[in-house]
Amino acid sequence: MFDLHDHDRNASIRHHLPAGLSDRIALRVVKFMRVFADAFFARRYGHRAVVLETVAAVPGMVGGMLQHLKALRHIRDDESWIRELLDEAENERMHLMAFSKIAKPSLLERALLLVAQGDFFNLYFLLYLLAPRTAHRVVGYLEKEAVISYTQYLEMVDAGHVESVPLRKWPSTTGTCHRTHACVN
Ligand SMILES: [Fe+2]
């Protein structure tokens, strides 16, 4: 199912070393979130992916909304930032659509999504208002954790522990890499 980006699979995972307090806070926030994902999903990567994508689809929308309001307040051009961030939110939502076909979230997981979204949206909104730089760095570290999780997922597929789903069974909107992102990160 991951034929489209096999070329990325041997790529090393680059780590942005925290450059100051802002980066260190961002890294701690993401590591804290990872503790819950590890505790709840362990190696159930399909289900982990569903929750990860619901979280990953929030920052773009929050950032887009706040950049929109800022552009209105300052009466100035946004230099395409708003569209970029909203595209990112849509991109992650498409990933969610794809993984929901594979992992079929249970009622309990859907309840967890509700709580996770309520918490994460509000906390991220506040963080973006108070420290937008830190908020952007959170996304960077979140994407890195996604790369780690999906790499482990691919290793499980390669080892035959997880079913490999043919690309034709993926929803048509995600059948090709969406915009600038790889299909599953
Ligand atoms: Fe994603």
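Alanine 116 sits in helix H4, residues 107-130. Helices here are DSSP runs of H or I, at least four residues, numbered from the N terminus. This is a predicted model, where local features need pLDDT of at least 70, side-chain atom pairs count only at pLDDT 80 or more, and totals for chains, interfaces and linings use all residues. Numbering starts from 1 along each chain as its sequence is written.

What does alanine 116 touch? Beyond neighbours within four places in sequence, its contacts are Val51, Thr54 and Val55. Contact means C-beta atoms, placed from the backbone, within 7 Å. Take valine 51: 65 residues from alanine 116 in sequence, yet 8.5 Å away in space, C-alpha to C-alpha.

Next, a helix pair. Helix H2 (residues 45-74) packs on helix H3 (residues 81-103) at about 165°, axes 8 Å apart. Axes are lines fitted to C-alpha atoms over the stretch in contact, and angles run from 0 to 180 degrees between N-to-C directions. So H2 is roughly antiparallel to H3, a label for angles over 145 degrees. Their contact has 15 nonpolar, 10 polar and 4 charged residues. Nonpolar is Ala, Val, Leu, Ile, Met, Phe, Trp, Tyr, Cys and Pro; charged is Asp, Glu, Lys and Arg; the others, Gly among them, are polar.

Last, confidence. Mean pLDDT, the predictor's confidence per residue from 0 to 100, is 82 for the protein chain. Of its residues, 82% reach 70 or more. Over residues 1-7, pLDDT is below 50.

Notes: Contact = placed C-beta atoms within 7 Å. Helix = DSSP H or I, 4+ residues; strand = E, 2+ residues; numbered from the N terminus. Parallel < 35°, antiparallel > 145°, perpendicular 65-115°, else oblique.
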